[in-house]
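Here are my notes on this model, as numbered points. Please read them with the structure open.

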Amino acid sequence: MLSAGGMNDLAGRVAVVTGGCGGIGFTTVKRFLGAGAKVLLVDRLQSEVDEALTRLDSKDALGFAGDVSSGEANAQFFRAAAERFGGIDVVVLNAGVEGVVRPLIEYPEAEFDRVVAVNLRGTFLGLKEAAPHLQRRGGGSIVVTASVTGLVGSRHLGAYVASEHAVLGLVKVAALEFAPMKVRVNAIAPGPIENRMMRSIEEQSGTGHADQVKAAYNAQLAMGRYGTNEEIAELALFLASTRASYSTGGVFLADGGFLAQ
Ligand SMILES: NC(=O)c1ccc[n+]([C@@H]2O[C@H](COP(=O)([O-])OP(=O)(O)OC[C@H]3O[C@@H](n4cnc5c(N)ncnc54)[C@H](O)[C@@H]3O)[C@@H](O)[C@H]2O)c1
């Protein structure tokens with residue numbers, strides 16, 4: 001039977017959420033704890049991880065400060081979650097950076113490499129290191145926070161758009177390779193979400209005109225508004241849970257109707 005409002009969807013499950021101090025990540029951690037999971041959150045800075053744990057104030061939450069673009073860090077945080085909680089059932093590969101907003105012909109090479117290292121290499125390493133842990137538990141679910149810009153272009157976000165397109169390719173390969181291990185792999189493709197990342201893109205796009213940039217984005221959305229961190233966390237919970245038992249290799253839009261036109 002389905003549980004009301006996904007209250008116990010992750011009861012007894014262990015989850016790892018990367019980018020767990022950010023807008024979508026932190027809200028996802030809170031939602032997963034509320035659904036009965038134990039959660040290890042990963043983010044770059046120890047100070048931010050400590051602050052997130054203080055705000056969560058939960059005996060079921062642990063933190064790890066590490067860089068998702070490092071293979072060694074990935075091995076360490078998955079091992080830490082498995083050792084502390086006895087195994088891993090759910091992984092949300094959510095850490096990501098938008099990079100600078102700049103036309104292709106001006107886009108700095110080093111910035112391109114940084115964005116690809118976090119978004120693409122980080123997802124590759126996460127998939128690679130997570131799968132054996134989930135297999136040891138007899139299966140599980142991996143949710144990758146990608147973007148609508150994994151499906152369409154967006155001016156001045158070349159590195160971001162390219163990395164998100166590539167991430168969707170990796171999700172499909174992982175879904176094929178991990179299905180025999182009973183590990184499902186799905187991507188979420190959010191449109192613009194009301195949080196730090198969109199504010200950064202707005203401010204970089206129109207110095208002093210962030211409000212106008214936001215209004216222009218809203219005008220492209222059938223629903224006329226940005227999404228919320230909660231609306232993405234809810235979809236992540238669904239895909240993480242056995243309620244999504246027949247879904248793998250999917251790209252799930254949460255974009256306010258952006259791609260409907
Ligand atoms: N905000 C949006 O409108 C939007 C839209 C589509 C997709 N997304 C995707 O959602 C995901 C979450 O982003 P968000 O919107 O919560 O933004 P955010 O900036 O609030 O969160 C991203 C988090 O990832 C962490 N992070 C960055 N680099 C890292 C690294 N190398 N190692 C570990 N952690 C790292 C950051 O410190 C931050 O806490 C990202 O993958 C982003 O691309 C966001």
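1. The model is predicted.

2. Sources and make-up of the shell.

3. Packing of α4 on α5. Two packed helices are described by the angle between their axes and the distance between the axes. Helix α4 (residues 109-136) packs with α5 at an angle of about 15 degrees, and the axes lie 9 Å apart. The angle is under 35 degrees, so α4 counts as roughly parallel to α5. The crossing of α4 past α5 is right-handed.

4. The α4–α5 contact. On the α4 side, the residues include Glu-111, Phe-112, Val-115, Leu-120, Phe-124, Leu-127 and Ala-131. They meet residues of α5, among them Ala-159, Tyr-160, Glu-164, Val-167, Leu-170, Ala-174 and Phe-178. The contact of α4 with α5 comprises 14 nonpolar, three polar and two charged residues.

5. Phe-178. This residue sits in helix α5 (residues 158-178). Is Phe-178 buried or exposed? Phe-178 is buried, because 22 other C-beta atoms lie within 10 Å and 20 or more is the cut-off for buried.

6. Surroundings of Phe-178. Leaving aside residues up to four places away in sequence, Phe-178 touches Ala-131, Val-183 and Val-185. Ala-131 belongs to the α4 side of the contact with α5. Tyr-160 and Phe-178 are 18 residues apart along the chain, and their C-alpha atoms are separated by 26 Å.

Notes:
Residues are numbered from 1 along each chain as its sequence is written. This is a predicted model: local features need pLDDT of at least 70, side-chain atom pairs count only at pLDDT 80 or more; totals for chains, interfaces and linings use all residues. Helices (H or I, at least four residues) and strands (E, at least two) are DSSP runs, numbered from the N terminus. A residue is buried if 20 or more other C-beta atoms lie within 10 Å of its own, exposed if 12 or fewer, and partly exposed in between; C-beta atoms are placed from the backbone. Two residues are in contact if their C-beta atoms, placed from the backbone, lie within 7 Å. Axes are lines fitted to C-alpha atoms, for helices over the stretch in contact, and angles run from 0 to 180 degrees between N-to-C directions. Angles under 35 degrees count as roughly parallel, over 145 as roughly antiparallel, 65 to 115 as roughly perpendicular and the rest as oblique. A crossing is left-handed if the near helix is turned anticlockwise from the far one by less than a right angle, and right-handed if clockwise. Ala, Val, Leu, Ile, Met, Phe, Trp, Tyr, Cys and Pro count as nonpolar, Asp, Glu, Lys and Arg as charged, and the others, Gly among them, as polar.
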